[in-house]
Amino acid sequence: MNLAEAALIGVALSMDAAAVSVANGLVCKGTKKNVLILDPLLFGLFQGIMPLIGFYAVSLLPVSLDKYSGIIMFTVFMALGVKMLLDFFFGNGTEKGDKPLSVGLLLVQAVSTSLDALFVGAALAADAGTDIWLAAAIIAAVTAAVSALCLLAGKKSGALLKDRAGLVGGVLMLFIAVGSLFD
């Protein structure tokens, strides 16, 4: 995996966090600034930790997955892309709340939006050339930056990416899935 692929994965994985950050920006009235700072930090942190967990969990398996890496990565990224597109077109049941944000709520959001990254880490374990620490750092940094921008956008305008974040993430995942077949 090269840096561009890691950055694209980071962008794709950050779309759920982006949508939540936009929503957080919409409902942040009455929320302390230090809690708002935690939004991008927690989203980035968990998006970086989960691929590491997935990667090392799979590496404990007694068989090598190298010869299956293309099909494994294709399957995982295709499934994630389809899931994100289904959420975009049919909704995922999330609604904007009217309570101030809390650290606990941000933690729940960060963990739940980063579960996809766990499976991405597992898929990356199949690629022997992946530097998982670098990939996780890039994913974390991209997610933190995207979340910060979307939080600000949510605060300022209300819906910069909200309507299209899932679509963008899903399409990127599908491109990554198809690209993994040609590596």
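Student: How do the axes of helix 2 and helix 6 lie relative to each other?

Tutor: Two packed helices are described by the angle between their axes and the distance between the axes. In this predicted model, the axes of helix 2 (residues 33-59) and helix 6 (residues 132-156) come within 8 Å and cross at roughly 155°. Helix 2 is therefore roughly antiparallel to helix 6. Angles under 35 degrees count as roughly parallel, over 145 as roughly antiparallel, 65 to 115 as roughly perpendicular and the rest as oblique. Axes are lines fitted to C-alpha atoms, for helices over the stretch in contact, and angles run from 0 to 180 degrees between N-to-C directions. Helices (H or I, at least four residues) and strands (E, at least two) are DSSP runs, numbered from the N terminus.

Student: What is the handedness of the crossing of helix 2 with helix 6?

Tutor: A crossing is left-handed if the near helix is turned anticlockwise from the far one by less than a right angle, and right-handed if clockwise. Helix 2 passes helix 6 in a right-handed crossing.

Student: Which residues of helix 2 and helix 6 meet?

Tutor: Contact means heavy atoms within 4.5 Å. On the helix 2 side the residues include Leu36, Phe43, Gly44, Gln47 and Tyr56, and on the helix 6 side they include Trp133, Ala140, Thr143 and Lys155. The residues of this contact divide into 15 nonpolar, five polar and two charged. Here Ala, Val, Leu, Ile, Met, Phe, Trp, Tyr, Cys and Pro count as nonpolar, Asp, Glu, Lys and Arg as charged, and the others, Gly among them, as polar.

Student: Is Thr143 buried or exposed?

Tutor: Buried means under 20% relative accessible area, exposed over 50%, partly exposed in between (1.4 Å probe, protein chains only). Thr143, found in helix 6, counts as buried because its relative accessibility is 0%. Leaving aside neighbours within four places in sequence, Thr143 is in contact with Gly10, Ser14, Ala17, Phe43, Gly44 and Gln47. Ala153 is also found in helix 6, and it counts as buried at 11% relative accessibility.

Student: How does helix 2 pack with helix 5?

Tutor: Helix 2 and helix 5 (residues 115-124) pack at an angle of about 40°, with their axes 6 Å apart. That angle makes helix 2 oblique to helix 5. The crossing is right-handed. Among the residues that meet are Met50, Ile53 and Val58 in helix 2, and Leu118, Gly121 and Leu124 in helix 5. By class, this contact has 10 nonpolar, three polar and no charged residues.

Student: Which residues does Gln109 contact?

Tutor: Gln109 lies in helix 4 (residues 103-113) and counts as buried at 13% relative accessibility. Beyond its neighbours within four places in sequence, Gln109 is in contact with Val20, Asn24 and Phe43.

Student: What is the mean pLDDT of the chain?

Tutor: pLDDT is the predictor's confidence in each residue, from 0 to 100. The chain has a mean pLDDT of 79, and 78% of its residues reach 70 or more. Over residues 93-98 the pLDDT is below 50, and this stretch has three contacts in the model beyond near neighbours in sequence. Where pLDDT is low, the predicted coordinates should not be read in detail.

Student: Which conventions apply to numbering and values?

Tutor: Residues are numbered from 1 along each chain as its sequence is written, and side-chain values use heavy atoms, with hydrogens and water left out. Local features need pLDDT of at least 70, side-chain atom pairs count only at pLDDT 80 or more, and totals for chains, interfaces and linings use all residues.
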